[in-house]
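The following report concerns the fold and surface of one protein chain. The sequence and the structure are displayed first.

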Amino acid sequence: MDLISQIGTINLLYAMAVFVARVTDVSLGTLRTIAIVHGRTTMSFWLGFFESAIWLAVVSTIVQAVQQQPALGIVYAFGFATGNLVGIKIEKVIALGHLILRIITRDYPEQIAAAMREKGHGVTTFTGAGRSGPVTELYVVCRRRDLRKLLQIVLAIDPDAFYVTEQAGSVSNVCRPIMQPVTGWRAIIKKK
């Protein structure tokens, strides 16, 4: 292996390290911002600490290198942009916070409420009038990670149900779904 290819390999590894570090610190920054919005102070503290430590390490090493290799600036920018996407994807998986789910149904309010309560969720109902006559609004405060399962229940019973979600700022109490038995690797850890 000649000297030129060794230098090229080192530069490629350096560029990859800059990209990965930038994706990591921007992802942490995205999660930190969302944690701040949800009032999670301890989480936002630690995310901010690691975000700034990584950023400082990257910036302090790349500033001089960009003058000699401008392509590193493009790698740095792509790492930033990719970090935003990765941070949002991670947050969607984690699903921090709570939502208010409002379901409006004309024909099946009792069935939907019973099915949701059977799964451990609190449901409050209100009667109202819609364009086509009387309707019932079901009001549920739930964890964001439970939304998909709740909507599956609703739409299985009433495919024509109208629903809307909104962020819940502060929540005093949330009925959580009934706990399922622990299985898989969690069951092994729990036995120890």
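Val 164 of strand 4 is the bridge partner of Arg 102. Strand 1 and strand 4 pair in the antiparallel sense over seven bridges; pairing requires at least two DSSP bridges between two strands. This is a predicted model, in which local features need pLDDT of at least 70, side-chain atom pairs count only at pLDDT 80 or more, and totals for chains, interfaces and linings use all residues. Residues are numbered from 1 along each chain as its sequence is written, and side-chain values use heavy atoms, without hydrogens and water.

The open sheet has four strands in the order 2-3-1-4, with antiparallel pairing. Its edge strands, each pairing on one side only, are strand 2 and strand 4. From one strand to the next, the twist averages 25 degrees.

| Helix | Strands | Angle |
|---|---|---|
| Helix 4 (residues 109-118) | strand 1, strand 2, strand 3 | about 10 degrees to strand 3 |
| Helix 5 (residues 147-157) | strand 1, strand 3, strand 4 | about 10 degrees to strand 1 |

In total, the chain has six helices and four strands, taken as DSSP runs (helices: H or I, at least four residues; strands: E, at least two) numbered from the N terminus.

Of the 192 residues, 31% are buried, that is, under 20% relative accessible area with a 1.4 Å probe, counting protein chains only.

Conventions
Buried means under 20% relative accessible area, exposed over 50%, partly exposed in between (1.4 Å probe, protein chains only). Axes are lines fitted to C-alpha atoms, for helices over the stretch in contact, and angles run from 0 to 180 degrees between N-to-C directions. Contact means heavy atoms within 4.5 Å.
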